[in-house]
Amino acid sequence: MVNSAYIHIPFCKSKCKYCSFVSYPKLELKEHYIKALIKEINKKYMGEPLKTLYFGGGTPSLLTIHEFKTLLELFNYTKSPEITAELNPETLTQDYLNGLKAIGINRISLGCQTFNDDILKIIGRRHTSAQTVSAIKFAKNAGFNNISVDFIYGLPGQTKAMFINDLRYATTFDIQHISLYGLKIDECCYFYSHTPENLGDEDMQAEMYLSALEVLQNFTHYEISNFGKKPSIHNLNYWNNRNYYGFGAAAHGYVKNIRYSNPKNLDDYIKNPTKHLIENVLTQQQQLEEEIFLGFRKIIGINVKQINKKFNINFDKKYKKIIEKYHKFIKQTQNGYALNTEGILISNVILSEFLE
């Protein structure tokens, strides 16, 4: 049973300098793209009632209320679904937020990144800190009680004090969720070939992350990058290694042990939206590895008893050497194992050991 779906909206007015996500400043293709999306959804969606639906991007807030409504009406839902839209602060008005709430969107995720206007300009964001504050107020006035705000740490010229001030300021707005992402400069982004000055190194990012744990103690730290008074049900579906649909250009999905991805190229997707670019049928070992890799991202860690039953293995025997090697970074829990704080800081190194 597939109860979650992701829809990629790949349009942006301009590309942020750190961004390597698939997005295009080709708004003239939006109408054609939505028609292609509808075609893909009608072909691939099997009618299951969705518990979660997530509009990501790109900039989903470039859609009109009518365009959102058209896509929402293609699905069936459970009694109380979580329906999220990622929004950029500079595009938002009170009427727009009221409209989103009226058509059934009940969770929003704001791309804040920082409240420092100078850094926002350096990284190519189109909004100001004042617009983020206004967006939060508009959302609350519209009746949203599930608001998430994203931040990036390790930005050019950003000190630990600046980052902590950002988080402290965010907590004054009675928001329900905060996501934190360390800056990573990939080949596809502007900063890769135009490296900015005063970038924080890995040690600085680690210090920022540890400081954030102190500031956000009133939030539940439920996944490495996420803190919530209301956890994201949609994202937990990923980390619990459950199935989900992925619709749109560059979208990824996981259905019946097949991980698939759609064409990244916008024209290719519009021409043939029902053909996946890649389909990988996962072996039993690959499914096990993903269960472990994703499960360790959760702060509660992995449930060994469930893994043993699901994959017919003895986890402690199979992975004894890895657990012993990283015993200073992996703690035993009531149900299995989890990374401790030091383990989180080197999680990629540890988790790579579980991949054959």
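Colleague: Which residues of helix H12 are buried?

Modeller: This is a predicted model. In H12, which spans residues 304–311, the buried residues are Val304, Ile307 and Phe311.

Colleague: Why do they lie on the same side of H12?

Modeller: Start with the general idea. An α-helix has 3.6 residues a turn, so residues three or four places apart point the same way. Now this case. Val304, Ile307 and Phe311 are buried in H12. They cover an arc of only 60° around the axis, so they sit on the same side of the helix.

Colleague: Which residues are exposed on the other side of H12?

Modeller: Lys305, Gln306 and Lys309 are exposed there.

Colleague: What covers the buried residues of H12?

Modeller: The cover includes two helices, H11 (284–295) and H13 (315–318). It also includes strands S13 (302–303) and S15 (336–339).

Colleague: How should I read the two ends of H12?

Modeller: At the start, look at asparagine 303. One of its side-chain oxygens comes to within 3.2 Å of the backbone nitrogen of lysine 305. After the helix comes asparagine 312, with a positive phi near 55°.

Colleague: Now another residue. Is histidine 234 buried or exposed?

Modeller: Buried counts as under 20% relative accessible area. Histidine 234 has 0%, so it is buried. Its place is in helix H9, residues 233–239.

Colleague: Which side chain makes a polar contact with the side chain of histidine 234?

Modeller: That of tyrosine 238, at 2.7 Å.

Colleague: What does histidine 234 touch, not counting residues up to four places away in sequence?

Modeller: On that count, histidine 234 touches Ser4, Ala5, Tyr6, Thr52, Leu53, Tyr54 and Glu82.

Definitions and conventions:
Residues numbered from 1 in each chain as written. Predicted model: local features only at pLDDT ≥ 70, side-chain atom pairs only at ≥ 80, totals over all residues. Heavy atoms only, no water. Helix = DSSP H or I, 4+ residues; strand = E, 2+ residues; numbered from the N terminus. Buried < 20%, exposed > 50% of the residue type's maximum accessible area, 1.4 Å probe, protein only. Polar contact = N/O pair within 3.5 Å; in protein donor to acceptor, adjacent residues only side chain to side chain. Contact = heavy atoms within 4.5 Å. Arc of directions from axis to C-beta.
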